Amino acid sequence: MDLTTLDTLGLIDIIKEQNIIISSLRNTIEGLNADSKILREQVDYLTKKLFGTKSEKTAALTGQIVLEGMEFGEFNEADVTANPKEVEPIITKKRTRKGYSREKALINLPEEDRVYTLSDEDKVCKIDGDTLHLAGKKYIRSEIEYIPATMRIIHVYEENWECRTCRKEGRNYLKRAKANTPVLQHSMASPSSVAWTMYQKYVNHVPLYRQEKDWLNLGMEIKRSTLSNWIVKTSEEILSKMALRLHKELLSDNYLHADETPIQVMNEDGKKNTAKSYMWVYTTGANSKRKIRLFKYSPGRAGENAADFLEGYTGFLHTDAYKGYGKLKDVTRCLCWSHARRYFADALPKDIKSTDAMLPKEGLAYCNKLFEIEEKLKGLSPEERKEQRLKLEAPLLKAFWSWVDLNVNTVLSKSKIGKALQYVKNQESGLMAYLKDGNCEISNNLAENSIRPFTVGRKNWLFVGSPNGAEASATVYSIVETAKANNLNPYKYLKLLLMALPQDQFQSDSKMIDSLLPWDPKVQEACKIE
């Protein structure tokens, strides 16, 4: 073998080594570019979350966006019904009046006329001294007068009545009028004061330390610890009875919604104060005649919490994709399309006209079209809704899953759009379950909206001081949100329960509590929103 051949072989080996190095560097560069893309995407996402709008509305990305290759349902109507000779009507935007109607805003307020008249001295004519006579009145304006809250002490007495004839004849016959049982023994608390404290904290989100100042401004010095004791004790001893009755009623419904959110609870056994606990919410279906919203505190998020609370339930359950709800047996889980849509909304880049925005926009278009159809089906009966869903939405969903399968392996798995596609692919069965029954909902927004007042209040009071306080909060939220769902004034309903439940007839006859359920006609009349 001559030197030239040796040199050639050496050169070939060098070239092979260089190709391997180039290939390795190319792979490294591609990996770095992918990581860089994901990091930029994450920065844009966090920036949008921090400084952008909180609304998930995408008005420009409706379900009418043309998605290439679609041939199903309403999306192929253009091919079938197009008429080139048809004159397109001119679209004019209907002007809507913003603001509020004064008449509607004032309709429930009591009215009073305030007439300014002359003094007796001025009712004399300065020219001839004759007495002036009323010649009419002129309307000037209407005002809203604010009357601050007042507080007073009520001294409760029981009268004793005797029979004088019996006394003359040596017999003692005394009869005493019986006062109502107090809401708390050996306490100044009254149904109205406790109900107002609860209303302020759980409806208006006013923390107890601020209420303490309000009480002082009204002339009553009371510690927040006392207010807290009122809430905890009345919740445990009184309101919990109604919560248990509502729980029994909840389990008799066939369509439920559930959700959970973190809460910080102090002084929990075996846990740091910074550890997360959870508040769960369970609601009856949107079409249920008996609307119930129940809250349940739990130290953890394990699925056993939901399984224990819903033990024996066998209907439909609307939730997000949290695996913990899988602990429930014999239920049909309907997963939330709002959550699925949120994944595609989060995957939208800053520049929605870029090529990276194509897949997120298509995913959103599918979701938006589903919600548009659902909006049109709202007034139908459950049977009609199911029929129309199978006719209009099933073909759309078939195309959607084909689109998912086509694209799921073409994007970075760790990217936002990759996670969105993988999420819906993994949850296909649960996302399709709502088609089985016309009473089922396409989303779990009902539970999310029910738990929102709790999350708003949490921003004000930050944490709960003890597990007992968390249990009490769950009970009061259950009563308050159930009252609101049934169009009751929460304060009036709390006051009614605190007045009635401690009384003997309700203590001796458990069935009496049914007369205090929020949909009872007499309760509706007594606690209606005025």
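This is a predicted model: local features need pLDDT of at least 70, side-chain atom pairs count only at pLDDT 80 or more; totals for chains, interfaces and linings use all residues.
Does Ser 473 count as buried or exposed, and at what relative accessibility?

1. Residues are numbered from 1 along each chain as its sequence is written, and side-chain values use heavy atoms, with hydrogens and water left out.

2. On Ser 473: this residue counts as buried because its relative accessibility is 4% (buried means under 20% relative accessible area, exposed over 50%, and partly exposed in between, with a 1.4 Å probe and protein chains only). Ser 473 lies in helix 15, residues 467–485 (helices are DSSP runs of H or I with at least four residues, strands are runs of E with at least two, and both are numbered from the N terminus). The side chain of Ser 473 is joined to that of Tyr 202 by a polar contact of 3.0 Å (a pair of N or O atoms within 3.5 Å; within protein, one must be able to donate a hydrogen and the other to accept it, and residues adjacent in sequence count only if both atoms are side-chain atoms). The C-alpha atom of Ser 473 is separated by 9.6 Å from that of Met 279, although the two residues are 194 residues apart along the chain.

3. On Arg 152: this residue is found in the loop between helix 3 (102–106) and strand 1 (160–162), and it counts as exposed because its relative accessibility is 73%. Its C-alpha atom and that of Gly 219, 67 residues apart along the chain, are separated by 9.4 Å.

4. On helix 9 and helix 10: helix 9 (residues 337–347) packs against helix 10 (residues 358–376) at an angle of about 150°, with the axes 8 Å apart (axes are lines fitted to C-alpha atoms, for helices over the stretch in contact, and angles run from 0 to 180 degrees between N-to-C directions). Helix 9 is therefore roughly antiparallel to helix 10 (angles over 145 degrees count as roughly antiparallel, under 35 as roughly parallel, 65 to 115 as roughly perpendicular and the rest as oblique).

5. On helix 9 and helix 12: helix 9 also packs against helix 12 (residues 416–426), at an angle of about 165° and with the axes 8 Å apart, so helix 9 is roughly antiparallel to helix 12.
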